Amino acid sequence: MGGLVGCAEAHASRAEGAANATGAGPADIGQAALMAFAGVNCQNEADELALIAWRATRLSRVLTMLDFGGPAPHFPRQGNVGSGDALIRAMRLVAAALSGMATAAHTAIDPLRGDGEAADAGQALIKAAAVLQEAAKQVHSLRAMGELMTMTD
């Protein structure tokens with residue numbers, strides 16, 4: 001099943017690249033992304049949030065599992081925080097926070113949630129807030145990195 005999902009995502013990525021090359025703008029790409037939700041057959045807000053939570057959690061896990069070299073300063077792998085530079089670390093933190101927030105949002109409106117799931121989602125939201133706070137500490141470094149990147153071309 002993972003191969004099928006990967007294949008579908010690869011085709012979608014190539015189709016989006018082709019659309020960009022022919023002049024499609026952000027609104028066009030956004031509309032295509034909404035059509036993906038229609039293709040998944042989301043019936044309501046709970047379905048949409050479940051899909052967003054699923055995607056965010058997968059993104060967070062992949063970013064955590066991959067090793068990136070990146071320019072200095074390089075952070076070696078420490079437990080669940082993989083290697084990479086400051087930018088990769090910030091991406092991992094934000095993705096983890098998004099995963100927790102999306103899961104909490106889905107649980108909050110899911111009429112079929114089980115006993116204790118709201119409490120678990122609340123704890124995930126508290127952790128997401130802490131992770132965002134940690135990521136926010138890197139804003140100055142990221143801004144400086146962005147400014148340096150704009151000067152290189």
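Author: R89, E134 and K137 are linked in a network of salt bridges, a salt bridge being a side-chain nitrogen of Lys or Arg within 4 Å of a carboxyl oxygen of Asp or Glu. Bear in mind that this is a predicted model, where local features need pLDDT of at least 70, side-chain atom pairs count only at pLDDT 80 or more, and totals for chains, interfaces and linings use all residues. Residues are numbered from 1 along each chain as its sequence is written, and side-chain values use heavy atoms, with hydrogens and water left out.

Reader: OK, how many salt bridges does the count come to?

Author: Two salt bridges by that rule. E134 pairs with R89, with the closest N and O atoms 3.7 Å apart. That pair links distant parts of the chain, since E134 is in helix 5 and R89 in helix 4, 45 residues apart. K137 also forms a salt bridge with E134, and there the closest N and O atoms are 3.2 Å apart. In general, side chains of opposite charge can pair when their charged atoms come close.

Reader: And is K137 buried or exposed?

Author: K137 is exposed, with a relative accessible area of 60%. The scale is this: buried means under 20% relative accessible area, exposed over 50%, and partly exposed in between (1.4 Å probe, protein chains only). E134 has 28% relative accessibility, so E134 counts as partly exposed. R89 also counts as partly exposed, because its relative accessibility is 22%.

Reader: Let's zoom out. What are the elements of the protein, from the N terminus on?

Author: They run α-α-α-α-α-α. The protein has six helices and zero strands; helices (H or I, at least four residues) and strands (E, at least two) are DSSP runs, numbered from the N terminus.

Reader: What's the mean pLDDT of the protein?

Author: The mean is 82, and 86% of the residues reach 70 or more; pLDDT is the predictor's confidence in each residue, from 0 to 100. Among the elements, helix 5 has the highest mean pLDDT (92), and helix 1 (residues 2-21) the lowest (73).

Reader: Where does L132 lie?

Author: L132 is in helix 5. L132 counts as partly exposed because its relative accessibility is 33%.

Reader: Switching to H106. Which residues does H106 touch?

Author: Leaving out residues up to four places away in sequence, H106 touches A46, L49 and A50, where contact means heavy atoms within 4.5 Å. H106 is found in helix 4 (residues 86-109), and counts as buried because its relative accessibility is 17%. A polar atom of the H106 side chain lies 3.4 Å from the backbone oxygen of A46.

Reader: How much of the protein counts as buried?

Author: Of its 153 residues, 22% count as buried. The accessible surface comes to about 10300 Å², with 64% of that belonging to carbon and sulfur atoms.

Reader: Last one: how far apart in space are L59 and A95?

Author: 6.6 Å, C-alpha to C-alpha, while L59 and A95 are 36 residues apart in sequence. L59 sits in helix 3 (residues 45-65).

Terms used: Polar contact = N/O pair within 3.5 Å; in protein donor to acceptor, adjacent residues only side chain to side chain. Areas by Shrake-Rupley, 256 points an atom, 1.4 Å probe, with all protein chains shown as cover.
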